[in-house]
Amino acid sequence: KPKTLTIQDSLKIKAAEYWQKLGEADQALRELEALPSRIWKCGWALKTRIAAMGALRKRDEVTAQA
(Lines give C-alpha, C1' and ligand atoms only; values in the text may rest on other atoms or scores of the structure.)
Protein backbone atom coordinates (compact mmCIF):
# COMPACT_ATOMS: atom_id res chain seq x y z
CA LYS A 1 0.00 0.00 0.00
CA PRO A 2 1.55 3.34 -1.02
CA LYS A 3 2.24 5.84 1.71
CA THR A 4 0.13 8.97 1.61
CA LEU A 5 2.08 12.17 2.18
CA THR A 6 0.50 15.05 4.02
CA ILE A 7 1.14 18.59 2.85
CA GLN A 8 3.45 19.03 5.86
CA ASP A 9 5.44 15.92 4.92
CA SER A 10 5.73 17.11 1.32
CA LEU A 11 6.91 20.54 2.44
CA LYS A 12 9.61 19.01 4.65
CA ILE A 13 10.90 16.90 1.76
CA LYS A 14 10.83 19.95 -0.54
CA ALA A 15 12.68 21.99 2.10
CA ALA A 16 15.28 19.23 2.31
CA GLU A 17 15.74 19.41 -1.47
CA TYR A 18 16.28 23.17 -1.25
CA TRP A 19 18.79 22.80 1.59
CA GLN A 20 20.57 20.22 -0.55
CA LYS A 21 20.72 22.66 -3.49
CA LEU A 22 22.17 25.29 -1.16
CA GLY A 23 24.94 22.87 -0.21
CA GLU A 24 23.54 22.33 3.29
CA ALA A 25 23.25 18.55 3.32
CA ASP A 26 23.27 18.33 7.12
CA GLN A 27 20.29 20.70 7.31
CA ALA A 28 18.55 18.66 4.60
CA LEU A 29 18.98 15.53 6.72
CA ARG A 30 17.56 17.35 9.76
CA GLU A 31 14.43 18.18 7.76
CA LEU A 32 14.06 14.55 6.70
CA GLU A 33 14.65 13.24 10.21
CA ALA A 34 11.76 15.41 11.43
CA LEU A 35 9.41 13.34 9.26
CA PRO A 36 7.48 10.41 10.73
CA SER A 37 9.62 7.29 10.27
CA ARG A 38 6.95 5.65 8.05
CA ILE A 39 7.65 8.39 5.46
CA TRP A 40 11.39 7.64 5.36
CA LYS A 41 10.74 4.72 2.99
CA CYS A 42 8.74 6.87 0.56
CA GLY A 43 10.65 7.00 -2.74
CA TRP A 44 10.90 10.81 -2.81
CA ALA A 45 12.12 11.07 0.80
CA LEU A 46 14.52 8.16 0.34
CA LYS A 47 16.01 9.61 -2.84
CA THR A 48 16.48 13.00 -1.15
CA ARG A 49 18.08 11.37 1.91
CA ILE A 50 20.51 9.32 -0.23
CA ALA A 51 21.54 12.46 -2.14
CA ALA A 52 22.14 14.38 1.10
CA MET A 53 24.15 11.53 2.61
CA GLY A 54 26.22 11.29 -0.57
CA ALA A 55 26.95 15.01 -0.45
CA LEU A 56 28.04 14.76 3.19
CA ARG A 57 30.28 11.80 2.41
CA LYS A 58 31.87 13.70 -0.49
CA ARG A 59 32.39 16.77 1.73
CA ASP A 60 34.02 14.62 4.42
CA GLU A 61 36.37 13.07 1.84
CA VAL A 62 37.43 16.51 0.60
CA THR A 63 37.98 17.67 4.20
CA ALA A 64 40.05 14.55 4.97
CA GLN A 65 42.27 15.18 1.93
CA ALA A 66 42.92 18.82 2.83
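Predicted model: local features only at pLDDT ≥ 70, side-chain atom pairs only at ≥ 80, totals over all residues.
Helix α2 covers residues 25-33 and helix α3 covers residues 43-65, and their axes come within 9 Å, crossing at roughly 150°. With angles over 145 degrees counted as roughly antiparallel, that puts α2 roughly antiparallel to α3.

As for who touches whom, α2 brings A25, D26, A28, L29, L32 and E33 to the contact, while α3 supplies A45, T48, R49, A52, M53, A55, L56 and R59. Sorted by class, the α2–α3 contact comes out at 9 nonpolar residues, 4 charged and 1 polar.

Now to the buried side of α2. The residues tucked away here are A25, A28, L29, E31 and L32. Looking down the axis of α2, these buried residues fall within an arc of 155°, so they line one face of the helix. What they pack against is α3 along with α1, the helix spanning 7-21.

One of the buried residues of α2 is a glutamate, E31. This residue has a relative accessible area of 17%, and since buried means under 20%, E31 counts as buried. Which residues does E31 contact, leaving aside its neighbours within four places in sequence? The partners are K12, A15, A16 and W19.

Technical notes: Residues numbered from 1 in each chain as written. Heavy atoms only, no water. Axes fitted to C-alpha atoms, helices over the stretch in contact; angles between N-to-C directions. Helix = DSSP H or I, 4+ residues; strand = E, 2+ residues; numbered from the N terminus. Parallel < 35°, antiparallel > 145°, perpendicular 65-115°, else oblique. Contact = heavy atoms within 4.5 Å. Nonpolar A, V, L, I, M, F, W, Y, C, P; charged D, E, K, R; others polar. Buried < 20%, exposed > 50% of the residue type's maximum accessible area, 1.4 Å probe, protein only. Arc of directions from axis to C-beta.
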